[in-house]
Amino acid sequence: MPESKLTLDTITSLAKRRGFIFQSSEIYGGLASCWDFGPLGVELKNNVKNLWWKTMVRMRDDVVGMDSSILMHPDVWVASGHVGAFHDMLVDCLNCKTRTREDQLENGKCPRCGGAEFTAPQKFQLMFQTHAGSTETGKMDVWLRPETCQGIFVDFKQVQSVSRMKVPFGIAQIGKAFRNEVTTKSFIFRSREFEQMEMEFFCKPETADEWYESWRQVRWNFYVNALGVNESNLRWAPHAQEHLAHYARAAVDIEYQFPFGWHEIEGIHNRTDFDLKAHQEHSGKSLLYHDQETNEKFIPWVIETSAGVERSILVTIIDAYAEDEVGGEARNLLKFHPDVAPVKVAVFPLQKKGGMEEVAMPLFRDLQERWNCQYDVAGNIGRRYRRQDEIGTPFCVTVDFDSLEDKAATIRDRDTTEQVRIGLDNVKSWLFERLK
Ligand code: GAP
């Protein structure tokens, strides 16, 4: 088959057609950059988050988890620097009235109409604001958090003491973040409501460079080994010293080659002691760590790994997308890593009648105990295979006429389409070997 160039439209329409992701409040015309995850999307999302949690928290002795509140005291965002610095400078084109980020003008021209005259730049706050409390006098202006990590910094002392962790150690969390993004294209890549998977690793200042290097490698391996992303579609993008964020001493992004170019999917930052120091100063509470062995008191330095759930999901779908030919017919499939695949196994009785359902249904119920599975009796077997290929189900198990006699079923592999005959009693263990 001729090689086709994958476009974001292909992915967006597959995601919608098969119930992964669709526009939020679509029946009202949608809301820009807000997305809903359907039955398969939520499974995929949970798998990605669970893999992150497993590799970053459960399998590590030096990281603990937490889940902080989305709404926080407004002073948190003053201390973090967001109230003062988290904004874009916007200009309006005097010709076509399009609003653009000043840094996204193309050679000083409007990207829409090429006009060169603009209003004076205006500050646009990227945090969403809301009000806590019910009365006019008693209410407080609060922000929807634009990143999850501030909850970790603010709770650093509590988590450290209740978990009895000693520096070096990390605190991880997964949760919603909100940004009033100006540029709203590229599907879920830039959403206004999204989830982050962040880990803040607290260490002695003199060990920070070493930990930075080690976390870089851990995070690269996550995409390759846990999510099964093709390494040639990933690259490092170090931040130039003059472009570092106000809090960072060193920073590097992991970028993915999207159909719309290379873009950041995760940032690894050496944040120094900036955040803990700022919160100590603004709250007036000590955030010093007491090293019992050396009797030293100091503010730890922080290495941060910050990944977006939506960007990881987009990467897994794009990277898994493939087109080939089976029996002379074109097919498209998602070659998901088994750990990522939203449905692991599909069970088909070849026909509704003839006693096949009586065998297939108990088998399905048994497999369902272990994995997310689908049961499908509709349409010819070829179409049922195609439906599963398109959503990336690694294995399909078919119960046919012969199953009633030989007490076996046919298992078909998504990628090779090869089929093997396995005794019904061994189907689960056979699958377990390949899906574990
Ligand atoms: N605490 C550091 C921090 O938030 P960031 O580079 O602004 O750093 C980290 O964001 C990650 O969060 C990004 O690499 C990206 O994966 C994700 N992210 C940021 N803004 C996003 C958006 N508008 N939509 C989807 N994901 C986003």
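Predicted model: local features only at pLDDT ≥ 70, side-chain atom pairs only at ≥ 80, totals over all residues.
The protein has 436 residues, and 49% of them are buried. Its secondary structure comes to 13 helices and 23 strands. If you follow the C-alpha trace along its principal axes, the spans are about 75 × 65 × 50 Å.

Now back to the opening question. Thr130 belongs to strand 7, which covers residues 129-132. As for distances, Gly65 is 65 residues away from Thr130 in sequence, and their C-alpha atoms are 28 Å apart.

A second residue to look at is Leu71. You will find Leu71 in the loop that runs between strand 3 (63-65) and helix 3 (75-79). Leu71 has a relative accessibility of 41%, which lies between those two cut-offs, so this residue counts as partly exposed too. Along the chain, Leu71 and Gly151 are 80 residues apart, and 9.5 Å separates their C-alpha atoms.

Next, the ligand. Where does the ligand sit? The ligand is in the largest pocket. There are 20 residues around the ligand, and those that come nearest are Glu147, Arg179, Glu181, Glu198 and Glu264. By type, this shell divides into ten charged residues, five polar and five nonpolar.

Which strand gives the largest share of the shell? That is strand 13, with five residues. Strand 13 (261-272), strand 10 (193-203) and strand 16 (301-308) each supply at least two residues of the shell.

A nitrogen atom of the ligand lies 2.8 Å from a backbone N or O atom of Ser191. At Ile265, a polar backbone atom is 2.9 Å from an oxygen atom of the ligand. With Glu304 the side chain takes part: one of its N or O atoms is 3.1 Å from a nitrogen atom of the ligand. How much of the ligand does the protein bury? Taken alone, the ligand exposes 550 Å², and the protein buries 92% of that.

Conventions:
Residues numbered from 1 in each chain as written. Heavy atoms only, no water. Near = heavy atom within 4 Å. Polar contact = N/O pair within 3.5 Å; in protein donor to acceptor, adjacent residues only side chain to side chain. Areas by Shrake-Rupley, 256 points an atom, 1.4 Å probe, with all protein chains shown as cover. 1 Å grid on protein atoms, 1.4 Å probe; cavity = no way out; pocket = protein on both sides within 12 Å on 5 of 7 lines; lining within 4 Å. Sits in = over half its atoms within 2 Å of the grid points. Helix = DSSP H or I, 4+ residues; strand = E, 2+ residues; numbered from the N terminus. Nonpolar A, V, L, I, M, F, W, Y, C, P; charged D, E, K, R; others polar. Buried < 20%, exposed > 50% of the residue type's maximum accessible area, 1.4 Å probe, protein only.
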